[in-house]
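Here are some notes to read beside the structure. They go chain by chain and then turn to the contacts.

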Amino acid sequence: MLFRLPASSLKSVHSLKDVAANSSRLVARRTPVRFASSSSASSTVKSVLDSRAALASAAIATVGSIAWYTHLYGTLPFVGQVHANSPAEEGLHPPQYPWSHNGWLDSYDHASIRRGYQVYREVCAACHSLDRIAWRNLVGVSHTADEAKAMAEEVEYEDGPNDQGEMFQRPGKLSDYLPPPYPNEEAARASNQGALPPDLSLITKARHSGPDYVFALLTGYRDPPAGFEIREGMNYNPYFPGNAISMARVLFDELVEYEDGTPATTSQLAKDVVTFLNWAAEPEHDERKKAGIKAVILFSSLTLISLYVKRFKWSVIKNRKIFYNPPVDKTH
Amino acid sequence: MVSYVKGPAYKTVKSVAGLNIPLLKSYVPNLALWGGAVAGGIATFTEGIPLFQNTFYSKIPVFGEHWVYNPDPEDIPI
Amino acid sequence: MAGFANLFYNTFVRRNSVYVTAIFGSAFAFGVGFDTAVTSVWDKWNQGKQWKDIRDKYIQDEE
């Protein structure tokens, strides 16, 4: 709000001190704002410093640097904070990775989604379910209809009841969802020393930093630092809150053989599977961005048109001058 | 003997509720243009409807391709 | 410029029926043209990334 005041109004604040010292000048000082610009012309530097532009740019610089600092370090500058958690307990912040779908105009890299599905199926699916993705969702995204059908038929699904009222097993169809590794949560916990492998359908939406976190977690396993006690069966990962994670490192070089010949390094596997999981969480992503481009173009041009029309219509009113011609007293 | 015309000879055109044939004729070009406007309005608001797309818009000569939806069977989950 | 404005006014705005027709006609044409333009820019920007760019590899593999 400050920079909306005329700059010279600050000068009147200064002058209040003088007013206290010499109250007889009060009347003269009442209206310094009005004549400030004409009286301060003696010093060019002063008038530049007092200008509205100087106030506005100082305000913008202040707000901008505070916002930048807050964005960079996560807290306001010079405001102390007390945390019950150490940074290690919250987990290391992952770096920002250059995902192929990061930009405003970037679609998913669908070849990467296809490789990522392979990694999920061969590695992650041993413990993690993907409940919200059906075989049909893969068609036209990463696989052809025939491929998806073939993959679905390899899995047996329970269906029924039939004429005798009994459930029966049948090969999967496109409309079936990807099979979970465990029938229920208890079975999952029992097989994993009490830890529940989370469903991965929405995992990139469900974690801070999304795909960056998942990638950093998958590639971030290392030996614990000296003095860090870790329980039997747990693993050290700096990106995981608490740093002790039940999941062991699973991605290693050459773990999967890609059909398109991409070298299957650990980071390539992680990148592909995270792209796949990001697609699973946001399958509408490509269409959404395309609609967003259209909306931005249309609404910004409509805004410009409406601003122009407003100026056009108001130009008559803004440019008029109103004269007051007092009636001539004809008695004299 | 000169026969003088005593006054203007009025004739009345047949009309129904103030409408008569020459008047209606004079409306024709404008009404035809309004017909075009209505057709344009209908086209604008039915552009997204598949029945209209398949019946009319896909048959427009040059850019009718825009409405043709003919995916490869491998790309649709059926 | 004034010539263009006059031509525009006399051609499209003078009769309301022509004006409304021009509005709907240009809306229809713009809808198609804008969609086509955005799609072509999108496809050019994302060349090689979308499914339609890579699908040929997998269709041919099967046959």
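In what order do the elements of chain C run from the N terminus on? The points below begin with that, for a model that is predicted.

1. Chain C, order of elements. From the N terminus on, chain C reads α-α-α. Its secondary structure amounts to three helices and zero strands.

2. Chain C, overall form. The radius of gyration of chain C is 22 Å, whereas a compact globule of 63 residues would have one near 11 Å. Along the principal axes, the C-alpha atoms of chain C fill a box of roughly 60 × 25 × 10 Å. Of the 63 residues in this chain, 8% count as buried.

3. Chain B, order of elements. Chain B has two strands and two helices. Along the sequence they follow the pattern β-β-α-α.

4. Chain B, overall form. For 78 residues, a compact globule would have a radius of gyration near 12 Å, but the value for chain B is 28 Å. The box filled by the C-alpha atoms of chain B is roughly 100 × 25 × 15 Å, taken along the principal axes. Buried residues account for 1% of the 78 residues of chain B.

5. Chain C against chain B. Here 14 residues of chain C are in contact with 14 residues of chain B. On the chain C side, the elements that give two or more residues are α2 (16-45) and α3 (51-62). Of these, α2(C) gives the most, with 11 residues. By class, the chain C side of this contact holds seven nonpolar, five polar and two charged residues.

6. By class, the contact of α1(B) with α2(C) has nine nonpolar, eight polar and no charged residues.

7. Chain C against chain A. In this case 13 residues of chain C are in contact with 16 residues of chain A. The elements of chain C that give two or more residues to this side are again α2 and α3. The largest share of the side that touches chain A comes from α3(C), with six residues. The chain C side divides into eight nonpolar, two polar and three charged residues.

8. A helix pair inside chain A. Which helix does α7(A) cross at roughly 100°? The partner is α13 (residues 266-281) of chain A, and the axis of α7 (residues 110-122) comes within 7 Å of its axis. Angles of 65 to 115 degrees count as roughly perpendicular, so α7(A) is roughly perpendicular to α13(A).

9. Residues in the chain A pair. On α7(A), the contact is made by residues including I113(A), R115(A), Y117(A) and Y120(A). On α13(A), the residues include L269(A), D272(A), F276(A) and W279(A). The residues of the contact of α7(A) with α13(A) come to eight nonpolar, three polar and three charged.

Methods:
Residues numbered from 1 in each chain as written. Chains lettered and ligands numbered in written order. Predicted model: local features only at pLDDT ≥ 70, side-chain atom pairs only at ≥ 80, totals over all residues. Contact = placed C-beta atoms within 7 Å. Helix = DSSP H or I, 4+ residues; strand = E, 2+ residues; numbered from the N terminus. Nonpolar A, V, L, I, M, F, W, Y, C, P; charged D, E, K, R; others polar. Rg over C-alpha atoms; globule rule 2.2 N^0.38 Å. Buried ≥ 20, exposed ≤ 12 C-beta atoms within 10 Å, placed from the backbone. Axes fitted to C-alpha atoms, helices over the stretch in contact; angles between N-to-C directions. Parallel < 35°, antiparallel > 145°, perpendicular 65-115°, else oblique.
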